[in-house]
Amino acid sequence: MTLRRALALLVLTPLLYVLPGTAQALAHTELVTSSPADGAELKQAPDHLTLTFDEPVEPAGVRVMTVDGDRLPVSLVPGHKGRVVRAALGHPADGSFAVVWSVVDEEDGHASSGRLDFGTAAPAAQDRGDEAATAPSPLVRKGLVAARWAGYLSLALFIGGLAFVTLLWPRGAHEPRARALLGLAWTCGLLASVAAIGLQGAYTAFGDLRDALRGETYADVLTTEPGIVLAARVLLWVLAAVVLSALLQGGPRTSRSPGWRVGALAVCLGLLRATGMAGHNSEGGEPTWGAIADLVHLLGVSLWIGGLVMLALAVLPRRRPGELAAVVPGYSRLAAISVAGIVAAGLVLAWQVVGSYDALLHTSYGHLLLAKTAVLGVVLLVALASRQWVRTRLDLAVLLRGDAATVRPFGYSVAAETGLVLVVLAVTSLLVTANPGQ
């Protein structure tokens with residue numbers, strides 16, 4: 001499939017949202033009812049607070065705290081399919097209660113929160129205090145977005161770079177720029193994954209950046225399902241070091257080894273799946289299709305971006321026309337296939353997560369998705385121009401033995417495409433931390 005057809009599919013993306021039978025946009029775990037209710041005036045002080053959520057929760061993922069920061073003990077109430085929890089309350093002197101609750105979605109690790117005020121005094125006499133305590137710290141959220149952006153970029157550079165060197169440019173295993181790029185991608189991927197654990201803990205506990213560095217925060221996160229996924233990602237990056245080390249030591253001979261290729265494929269697929277499990281793909285009515293589409297989407301993005309950066313930073317600076325003639329057409333075909341996979345999988349994921357035309361136009365998540373689609377469309381136009389340049393000018397570059405004036409325009413086009421792709425990744429990071437229902 002050519003980039004023209006892929007771009008046409010991208011233009012048709014919004015039509016998906018007006019198809020009949022699509023569901024409403026899905027949100028994270030939310031509170032349905034509480035007993036006592038918010039604002040209730042009671043005759044006597046209650047011993048406990050009962051919270052009912054719209055889906056099963058884990059006690060480790062539910063926090064109920066006083067406005068002073070004291071955490072209350074929480075336990076599941078039997079017989080309610082894991083949707084109801086109970087928090088023990090103390091007995092304040094004035095008979096009034098003000099608590100902040102938060103719950104972590106078991107599937108993607110996102111937090112929902114709120115505040116409840118009730119007691120034996122009139123609700124109007126209660127001071128609701130500082131509402132900032134009911135939401136994650138903006139700095140922590142920005143840090144989590146940055147860590148995820150770095151994680152996405154590192155994943156794409158590592159997997160796409162490995163594929164580029166293995167399939168299109170075997171001699172790149174001995175090229176210093178390519179080796180440095182792969183090593184940097186692995187290092188940043190590992191560090192971003194480790195940092196994401198602490199930031200995830202601070203995010204769900206409504207802490208600050210200092211909490212992201214505490215051992216207790218890491219311990220709390222690792223008892224939850226999202227924390228286990230993040231820990232698995234760290235371990236997979238450790239295994240990726242073995243794959244990368246073997247390639248850098250063995251060079252082209254190792255890249256052709258069936259054993260190495262099987263191991264590299266297993267590690268890369270594991271990294272892709274572990275990254276996708278922290279997103280929204282499992283929230284729709286067909287989580288299996290969402291998981292498959294997410295894997296295809298991340299793989300396509302990695303092959304496209306990783307190859308693009310490797311081409312821009314490692315191949316083009318060498319200005320060897322014969323090398324360009326051998327590598328660029330192969331990458332062009334790989335990029336076209338990758339873009340087709342990105343668009344097709346993106347359609348499935350959009351239907352899975354957003355699910356309605358109204359949600360696309362009237363929620364911040366839908367606006368971010370439209371922004372990402374628009375930037376991706378611009379990227380594809382730049383890529384199409386690069387592809388046409390290859391068809392018309394590459395033979396001339398070979399004849400002129402890599403004359404700088406001939407090769408330079410292609411380098412500018414690739415650099416522009418790379419910069420726009422980084423913007424797409426930034427919007428993707430915001431989408432991951434945004435609520436599809438808002």
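Which residues form a nonpolar patch on the surface? In this predicted model, the patch consists of Trp289, Ile292 and Val296, which together have about 310 Å² of accessible area. Valine 296 belongs to helix α8, spanning residues 287-315. With a relative accessible area of 37%, valine 296 is partly exposed, because that value falls between the 20% limit for buried residues and the 50% limit for exposed ones.

An open sheet is built from three strands in the order β3-β6-β7, and the pairing is antiparallel. Its edges are formed by β3 (62-66) and β7 (111-119), each of which pairs on one side only. On average, neighbouring strands of this sheet are turned by 20° against each other, direction ignored. Strand β6 covers residues 96-104 and is joined to β3 by five bridges, the two strands running antiparallel. Within this arrangement, methionine 65 is placed opposite valine 100 of β6.

Four aromatic pairs are present in the structure. In one of them, the ring centres of phenylalanine 158 and tryptophan 237 lie 5.4 Å apart with the planes at 65°, so the pair is edge-to-face. This pair connects distant parts of the chain, since phenylalanine 158 is located in helix α2 (residues 138-168) and tryptophan 237 in helix α5 (residues 225-250), 79 residues apart. Both partners are buried: the relative accessible area of phenylalanine 158 is 1%, and that of tryptophan 237 is 2%.

Key
Residues numbered from 1 in each chain as written. Predicted model: local features only at pLDDT ≥ 70, side-chain atom pairs only at ≥ 80, totals over all residues. Heavy atoms only, no water. Patch = residues over 30% accessible without salt bridge, like charges linked within 9 Å, V, L, I, M, F, W, Y side chains within 5 Å. Areas by Shrake-Rupley, 256 points an atom, 1.4 Å probe, with all protein chains shown as cover. Salt bridge = Lys/Arg side-chain N within 4 Å of Asp/Glu carboxyl O. Helix = DSSP H or I, 4+ residues; strand = E, 2+ residues; numbered from the N terminus. Buried < 20%, exposed > 50% of the residue type's maximum accessible area, 1.4 Å probe, protein only. Pairing = 2+ DSSP bridges. Axes fitted to C-alpha atoms, helices over the stretch in contact; angles between N-to-C directions. Phe/Tyr/Trp six-rings, centres within 6.5 Å; stacked < 30°, edge-to-face > 60°.
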